[in-house]
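Please examine the sequence and the three-dimensional model shown here.

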Amino acid sequence: MKKLLLLLSCVVIFACNKNNDNNNCNFLFNAGVNLTVNTNLPQFNQLQFPGNGVYVSGQGNNGIWLWRLNSAILYAWDAADPSHQPAGCSTLEDTGQGDIVSCGCDDGNEYSLATGFVFGENTQPCTLQPYRVEDIGNNTFLVTN
């Protein structure tokens with residue numbers, strides 16, 4: 001019994017990592033999201049076609065970006081830059097360059113809506129905060145967290 005306790009103690013001690021590379025990626029809170037998206041409606045009509053995105057305000061931290069990757073996949077990302085504390089400049093905006101969105105802050109962080117990863121010269125390891133997207137049929141999707 002003592003050996004088992006010693007072994008478990010060692011596992012816990014050595015499993016802890018004091019080097020936290022993502023210490024700047026903890027700015028977003030777990031905002032409650034419950035959004036129904038019907039791509040037949042005019043505000044979501046662009047999502048019927050791959051390679052298109054739609055910004056939805058009033059959800060998540062600073063809104064939500066929806067991105068249609070292909071005919072089968074729809075992504076939902078929080079529209080707040082995960083590398084910044086929430087501010088007026090931290091909402092991600094369309095750059096007009098395909099799937100790339102950027103924040104309006106001085107560093108101009110850029111992210112890909114197709115992958116959620118950093119794009120360009122952003123040195124932060126943060127990725128966009130994803131939301132769950134469920135296809136509930138008839139061109140309708142449920143976005144939740």
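**Cysteines, sheets and cores**

Cys-103 is buried, with a relative accessible area of 4%; buried means under 20% relative accessible area, exposed over 50%, and partly exposed in between, with a 1.4 Å probe and protein chains only. The closest cysteine sulfur to that of Cys-103 belongs to Cys-105 and lies 4.2 Å away, which is too far for a bond. A disulfide is defined here as a pair of cysteine sulfur atoms within 2.5 Å.

The model is predicted: local features need pLDDT of at least 70 and side-chain atom pairs count only at pLDDT 80 or more, whereas totals for chains, interfaces and linings use all residues. Residues are numbered from 1 along each chain as its sequence is written, and side-chain values use heavy atoms, with hydrogens and water left out.

Helices (H or I, at least four residues) and strands (E, at least two) are DSSP runs, numbered from the N terminus. Along the sequence, the pattern reads α-β-β-β-β-β-β-β-β-β-β. Of the 145 residues in the protein chain, 37% are buried. The accessible surface comes to about 8,800 Å², and 52% of it belongs to carbon and sulfur atoms; accessible areas come from the Shrake-Rupley method with a 1.4 Å probe, and for residues only the protein chains shown count as cover.

The strands may be taken sheet by sheet. In general, strands of a sheet pair through backbone hydrogen bonds, either parallel or antiparallel. Two strands are counted as paired if DSSP finds at least two bridges between them. Six strands form an open sheet in the order β1-β10-β9-β4-β3-β2, and the pairing is antiparallel. β1 and β2 stand at the edges with a single partner strand each, so one side of each has no neighbour in the sheet. From one strand to the next, the twist averages 25°; axes are lines fitted to C-alpha atoms, for helices over the stretch in contact, and angles run from 0 to 180 degrees between N-to-C directions. Five bridges join β1 and β10 in the antiparallel sense, and Thr-36 has Leu-142 in β10 as its bridge partner.

Another open sheet has four strands in the order β5-β6-β7-β8, again with antiparallel pairing. Its edges are β5 (93–94) and β8 (118–119), each with a single partner strand, so one side of each is left without a neighbour in the sheet. β7 (residues 110–112) and β8 run antiparallel and are joined by two bridges. The bridge partner of Glu-110 in β8 is Phe-119.

What lies in the largest nonpolar core? It holds 15 residues, of which Val-37, Phe-44, Leu-47, Ile-64, Leu-66, Tyr-131 and Val-143 touch the most other members. A nonpolar core is a set of buried Ala, Val, Leu, Ile, Met, Phe, Trp, Tyr and Cys residues joined through side-chain atoms within 4.5 Å. Two or more residues of this core come from each of β1 (34–38), β2 (52–56), β3 (64–68), β4 (74–78) and β10 (140–144). Val-143 touches residues including Val-33, Leu-35, Val-37, Ile-64, Leu-66, Ala-76 and Tyr-131, not counting residues up to four places away in sequence; contact means heavy atoms within 4.5 Å. A second, separate core has twelve residues, among them Trp-67, Ala-79, Leu-92 and Cys-103.

How many disulfides does the structure hold? There are two. One joins Cys-25 to Cys-126, with an S to S distance of 2.0 Å, and is left-handed, with -95° about the S-S bond. The pair links distant parts of the chain, 101 residues apart: Cys-25 is in the loop between α1 (2–15) and β1, and Cys-126 is in the loop between β8 and β9 (130–137). Cys-25 is partly exposed at 22% relative accessibility, whereas Cys-126 is buried at 3%.

The other disulfide joins Cys-89 to Cys-105, also with S to S 2.0 Å. Its torsion about the S-S bond is about 80°, so this disulfide is right-handed. Cys-89 lies in the loop between β4 and β5, and Cys-105 in the loop between β6 (100–102) and β7, 16 residues apart. Cys-89 is partly exposed, with a relative accessible area of 28%, while Cys-105 is buried at 12%. With the bonded cysteines numbered in sequence order, the pairing is 1-4, 2-3.
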